[in-house]
Amino acid sequence: MIRYDNSDLLSYGIEYSAAIPFSACKIINERKAGFLRSRLEPRSAIVFLAPYYTGDGERNISKYAVSEDYHVFMRSLFEKLCPELCEKYGGSFIGMADSSPADEVSAAVYAGLGVRGDNGMIINEKYGSYVFIGAVYTDVEFEYQPDRTAYCIHCGRCKAACPAKNGRECLSAVTQKKGALTDDEIAYTKEYGSVWGCDICADVCPFSQKAETTPIPFFYENRTPYLTKELIDNMSEEEFSRRAYSWRGKAVVMRNLTVTYENGG
Ligand code: SF4
Ligand code: SF4
């Protein structure tokens, strides 16, 4: 068996990566697994964490959405990384992020990159929950060498701070809904002042509170931490399509801005 070494990803600012057997991946999307199998016979997955926290500052959207969409980062990473891995180890490599057939949090936990916190997110010892999970699938059989680094202390802070109580949905999901919001959803969104997403359960976690900032330059560029109607209106379609909130369309973001800063919805 071949031993994976993380130096390839380290050169992209990604410190936490490990190889796991494909058989250990919990498949949650058979269609995507079928697509993967049509391209190669998967034997291992190199799972990694791309940290995105760039420090605090005024924002009215979730931290993850401040820079350009992480899919843009992942695509450009995979374009360079996969040929490099192929040259180093032989075999074929296919990068996937979000479109992965496997449960990414479970895969990252199995790889020893962190643990699943009571807030449902991966917690890494250095970057807390402010990480994107990616995976590169390959027909190369790598040795499994997990490195367990963090743990959830079940302190209860995430559950106590979560505003999704008394029948309310997750605030992040409400900000991503299409169409008109109910009066209660409008009051809820206004109360927490979020135009996109919710970071509360990550922000209160003691591991995220001591999170280090990312060394990856991508997350410091083209930032739009504070959305306004004018900013969204003036974004070209191409620019808007590179944002994490673009998949819901401009109308949803505009509605949230109205709900948060103007009367009613
Ligand atoms: S994202 Fe916000 S609303 Fe959703 S579970 Fe976390 S704290 Fe609760
Ligand atoms: S806030 Fe506490 S209980 Fe919640 S994920 Fe973090 S350590 Fe675990």
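Where is the place of Asn166? I found Asn166 in the loop between α5 (157-161) and α6. A note on names: helices are DSSP runs of H or I with at least four residues, strands are runs of E with at least two, and both are numbered from the N terminus.

Before going on, I wrote down the ground rules. This is a predicted model, where local features need pLDDT of at least 70 and side-chain atom pairs count only at pLDDT 80 or more, while totals for chains, interfaces and linings use all residues. Residues are numbered from 1 along each chain as its sequence is written, and chains are lettered from A and ligands numbered from 1 in the order in which they are written.

**Entry: two asparagines.** I checked the backbone of Asn166 and read a positive phi of about 55°, although this residue is not a glycine. Asn166 counts as exposed because it has 6 C-beta neighbours inside 10 Å. My cut-offs, with C-beta atoms placed from the backbone: buried is 20 or more other C-beta atoms within 10 Å, exposed is 12 or fewer, and partly exposed is in between. Asn222 has a positive phi of about 50° and is not a glycine either. I located Asn222 in the loop between α9 (206-209) and α10 (229-234). With 13 other C-beta atoms within 10 Å, Asn222 is partly exposed.

**Entry: ligand 1.** I listed the residues around ligand 1 and got Cys162, Pro163, Ala164, Cys170, Leu171, Ser172, Cys198, Ile200 and Cys201; to be listed, a residue needs its C-beta atom, placed from the backbone, within 6 Å. Helices α6 (171-175) and α8 (200-203) each give two or more residues to this shell. By class, I noted eight nonpolar, one polar and no charged residues. Nonpolar here covers Ala, Val, Leu, Ile, Met, Phe, Trp, Tyr, Cys and Pro; charged covers Asp, Glu, Lys and Arg; the others, Gly among them, are polar.

**Entry: a helix contact.** I looked up which residues of α7 meet α12: Ile186, Thr189 and Lys190 in α7 meet Asn256, Val259 and Thr260 in α12, contact being C-beta atoms, placed from the backbone, within 7 Å. This contact has two nonpolar, three polar and one charged residues.

**Entry: strand β1.** I found five of the six residues in β1 (residues 16-21) buried. Strands β1 and β2 (residues 44-51) run antiparallel and are joined by six bridges; pairing takes at least two DSSP bridges. Tyr16 stands opposite Leu49 in β2.

Notes: Two residues are in contact if their C-beta atoms, placed from the backbone, lie within 7 Å.
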